[in-house]
Structures are given as C-alpha cells and as structure tokens.
Amino acid sequence: MTPPVEELPGVTPVNAINPGIDDLIANSARNRQNPPPSDQTMIINMGPQHPSTHGVLRLVIEVDGETIVGLAPDIGYLHTGIEKTCEAKFYQQVVPMTDRIDYLCPMTNNLAYALAVEKLLGLEIPERAQYLRVLFNELTRIQSHLVWLGTHAMDIGALTVFLYCFREREDLLRIFEAVAGQRMMTSYVRVGGLSVEPPRDIYAKIRTFLKNFPAHVEEYEGLLQTNPIWMNRLKGVGHLSAEDAIALGVTGPPLRASGVDFDVRRDMPYSGYEKFQFNVPVSDVGDVWARYIVRMQEFRESVKICLQALDGLPEGPIVADAPKIILPNREQMKTQMESLIHHFKIVTEGFGVPAGEATSSVEAPHGMMNYYVVSDGTAKPYRVHMRNPGFATLQALETMCKGRLLADVVAVIGSIDIVLGEIDR
Amino acid sequence: MYDPASAIKGKQAVFEAHPENAAVKALADLATDAKFDRGELTITVARENIIAAATAVQQAGYNFFEDVTAVDWYPSEPRFQISYSILSHKLKQRIRLVVRLDGEGPSLDSITSVWPAANFYEREVFDLFGVHFSGHPNLRRIMMPEDWKGHPLRKDYPVEGYR
C-alpha cells in the first residue's frame, strides 16, 4: 500500500496546496454519516473559473464514481470590502456602492439601503416616490429573472433561450438608461426619494414592454417545457425540503419552491407594497423544476404589479420634504440663497443621522435582502452590513447535490440563481 | 423626523410596554437589557446564555435565522456588539438579539446547533472581526485568504499605508 501523500519527504501536504479540502473534510456529509471507503472517492475542483458557476465560485466536490458524497463551496474570490468602504463614505455616497453588490438588481439594493437610512432618520417618503420605487423594483426583478433564465438554460444546453432572454433584458436596460442615465449601476433610489423625475415618455415605453412581455414568457415556456432534455435535467433534481430550507437560511424563490409561503413584499410590506394585489407563487415539490416554475410565475406577478403601479401612479414630489438631507433641485439652488447653503453643506459635510441601529428588509429577486445600518450620530455610517440571499442559499448547496450525479450540480447552481458579487461583497 | 424620545429603553420599560410580544415572554429571565426603537425590538442577553436564548426564541415561534454580524465600538468597552437578526414566518416580525463582548479575546458559543444557517455567518464574523465561536464545526476564514493577518472590519485595522 502506498503511504499517504503527506508522509513522503519533500512533498507539500495536500491541504497546504488546496485549503478547501479541510473545509470539505470538516463539513462534508460523508463525515457525518455513512462514509464510503475513502480510497474509492476522488476530490475534484469546480471553478473558480468555470462557465456554469456564474462568476468566481469554487466548489470542492468529493465524488464516488460520479455520485457526489461531499461538497464545499469556497468563496471570497470577489471580496472587495464594500462594508468597510461604506464606513468611510457619507450616507448618500454609499448608494453607488450598493449597486455593485448584487449587480443584477441594483435598484433593489439601493432601495434596501435607502429604507434602512430612512428608518434611522424617520423620513416620510412621498407616495409618488414609493410607487416609482415599486415599479422599478419589479422591472428589476424581471430583468434579474431574465438573466437567471437565460444562463440557467444555457448551462443545461438550451442556447436559444439565452438569446431571447437577453433581447428582452436589453429593452429593460434601455428603460433604466432613460430613467437613471445608467444601464446597470443605476443609483436611482436615493436616501429620501429618487434621484430624478423619470422622463414623461418613459411610461408609454414601459407599458409597451409590459404588453408584449407575457407573450415572451409563453415563448420561453414553449421553448423549454416541450423540451424533454430540459424536463429530465430539472425534474426531481436538487431536492430541498421545507425543514432544511428554513434550517439553512434559504430565502426567496428557492424557499417558496420548497413549500414555505413567505414573501417579504406581502407579509412585511415596505415602500407601499400593501396597496398592490398580487399572488405569491408557491410549490411544495422542492426540486429544480419547482424553482423554475415559481420564477416563471413571478414574471407574470411582477407584470401585474408594474401595471398597478403605472395605473395608480399619483402626482407629487419624488423626494421627501427635508431640505437639510435632500439636495435641492438645480433651479432652486441657483436662485435661492437657502437652497445654495443647503446644497453646499450637504455636499461638503453630508448630513448627520440620529444615533441608533436599523434593519430594512426587502424581497430581492434572489431572496430576502436585509441592510443593517448602525449610526453613531455623525455624517458617515458607523457600520453597514448586508444580509444577502445568495450567501445563505449557498449553504444549502451540499444538501441539494448530495447523492446526485456530478452533472446535476450545474442544474442546481442555476436554480438557486447566485450572484457572487452579493455573496463576497 | 425621528424623535429620540420615542425610543423605549431599559428592560423593565420595554417588557411593560410590550407584554404580549412572544420574544419578550420567552426571554423574561434571560434578558439583561432591552430597547424598542424605530419599531424594532432589541434584547440583550449575557454572553454565556446565547444558546439558551436562541433556543427560547426558536420555541417561541421565531423559526428563521437571518443574520449575525458584529459592530466594533473600539475604543470603548465592551468592544464588540454581536447582533443576531431572527425572523418569525408565522408572527411576521423580527427581533434582534445582542451580546456584548470585551475586546480582550472575544469569544462566545456558536448557535449552529440551533440553526445550521449560522455556519457561514459566524465564519464571516470570525474572519472579519476576530470573534471566536466555540463549538463551531468549521471555524475558518471565509472571505480573506487563509494566511491573512488581522481582521479587516475592526476599527483599528489600518485602511491605508503598507501592511
């Protein structure tokens, strides 16, 4: 019998080259119950550069033949220290940082941060701003789900859907560009309201998009749900029970696909969601297919919410009435002394926020997103912490993949819809 | 605008103002301090009671662990504030459990035995703040490289110059 590798002289121990292996050994399922004989298993690396890991996710996978017996995600490749950077910025300057956390849903990140700071300040947001926030959040959800569907289908091998999804996403990005001046890093939702009034002709464009979009959803379903390869790759794969989902901190569509009927928009409404009528799609199957069905239904529900927001959009201001916190508009700034002083003070010194701590919670496209902001009374946040959905959902990956074939990992990663920017922050 | 006078501070005042709250009932013995501010309930428990407190709120219906993070109040003592955010799907409300730790060798018990979801979050706090969680199955760095020195989210961590 050959001696273990680490005992050979002059050979670097395997765990020094490959730190993820310690993680696997400490945490893997095979050490908890029914370990297979160790000489039958093999450890392979998937990522960090791998087309189906949606970024820089590295998975250390232990396989017995082609069956997965252990899996450990290794993250941190995209860690940029955004939480630390936030502590050196004024409150308003943090908004562009939040865009870059989950770059598929920047408006949702902006909103979650703005809600937390507004809670600290005790600001009342005008109804028009709330409706516009809801409108653009739901458009962001559609946009994020389109990226999910396109890349998920591409991972499984259905390339056509990817092109169709990105065609519709392009329409949405053009709308965002017209509204916020940026396609992806919008920074549109600000503390106290919105950055600018949307152009008048944008509502007709959004209505055209919403009118055509349900037909496109049927088009995707027509491409996928009659495709036997797609169905066989998804059905019965990556099962997650409701108990496991709650124990492992899973939120959003994967949680609802496991049969837990909880949606922050409906159950703990924010930004005026209580005024909108929509259904929360739930499935109790808990596999990759159920997550697909739940998200496809969310497309339709988001369209419903957007239409209600457009129909009920009230007139009025888009920022709260707080001149010491919100920048005056350019006209006022150039004609009124008071506004000029406020403008100067806000830009140079920021605004103080009463000491305390606040948590905001929103339903992002990927799950529940919380922002925890601590203030010490100065113009810079003392601590900003983001609870992002992907970070917790990644913990459930092993439970979903264990006992399945290696190829199913690709389907499962696609179904939990991770964005590494939000996981590593 | 926010009125600081609207905050209810102190264990007795909060427990009298919200006697029906499930978390208030569950933590009547374990709480050392409490705060009800901006519509959010914060209950402080002692360092050695965190597992007992987590189990108590879980039995009271707070079934979903959301988050644990830390705040570094350097140079004041107790230096670290560990904030747990716990949600109830049924009651549709969340509470914040707080544990305060001294700056010298901060450590407390891991709650992964109550909620396995705390695994990654406790590793993150360990990595970025250097707070030790005893009983954690795999307490290793998660964001920073294995051989990194220091804990970047501490307030005394240098943000410029050479390391």
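Start with chain B: its secondary structure comes to 4 helices and 8 strands. Helices here are DSSP runs of H or I with at least four residues, strands are runs of E with at least two, and both are numbered from the N terminus. The model is predicted, so local features need pLDDT of at least 70 and side-chain atom pairs count only at pLDDT 80 or more, while totals for chains, interfaces and linings use all residues. Residues are numbered from 1 along each chain as its sequence is written, and chains are lettered from A and ligands numbered from 1 in the order in which they are written.

**Stop 1: chain B**

Colour chain B by secondary structure. Along the sequence, the pattern reads β-α-α-β-β-α-β-β-β-β-α-β. The C-alpha trace spans about 55 × 35 × 25 Å along its principal axes.

Next, select residues 43-162 of chain B. UniProt, in an unreviewed entry, lists them as "domain: NADH:ubiquinone oxidoreductase 30kDa subunit". UniProt positions follow the numbering used here, feature names are shortened, and annotations may be inferred rather than shown by experiment. This stretch is 18% helix and 30% strand, with its end C-alpha atoms 40 Å apart.

**Stop 2: where the chains meet**

Show both chains. The contact takes 31 residues from chain B and 37 residues from chain A. Two residues are in contact if their C-beta atoms, placed from the backbone, lie within 7 Å. On the chain B side, pick out β4 (64-72), β5 (80-88) and α4 (118-129), which each supply at least two residues. β4(B) gives the largest share, 6 residues. By class, this side of chain B has 16 nonpolar, 7 polar and 8 charged residues. Ala, Val, Leu, Ile, Met, Phe, Trp, Tyr, Cys and Pro count as nonpolar, Asp, Glu, Lys and Arg as charged, and the others, Gly among them, as polar.

**Stop 3: chain A and its domains**

Chain A holds 20 helices and 8 strands. Its C-alpha atoms fill a box of roughly 85 × 50 × 35 Å along the principal axes.

Colour domain 1 (5-74) and domain 2 (82-424) of chain A separately. These bounds come from an automatic or database domain assignment. The two domain centres, taken over C-alpha atoms, are 34 Å apart. Their contact takes 16 residues from domain 1 and 17 residues from domain 2. On the domain 1 side, β2 (58-64) and β3 (67-74) of chain A are the elements that give two or more residues. β3(A) gives the most, with 4 residues.

**Stop 4: a sheet in chain A**

Find the open sheet of 3 strands in chain A, ordered β6-β7-β8 with antiparallel pairing. Strands pair if DSSP finds at least two bridges between them. β6 (356-364) and β8 (383-387) stand at the edges with a single partner strand each, so one side of each is left without a neighbour in the sheet. The twist averages 15° from one strand to the next.

Zoom in on β6(A) and β7(A) (residues 367-375), which 9 bridges join. Here A:E363 stands opposite A:M368. Finish with helix α6 (residues 106-121) of chain A, which packs on the sheet and touches β6 and β7. Its direction makes about 150° with that of β6(A). Axes are lines fitted to C-alpha atoms, for helices over the stretch in contact, and angles run from 0 to 180 degrees between N-to-C directions.
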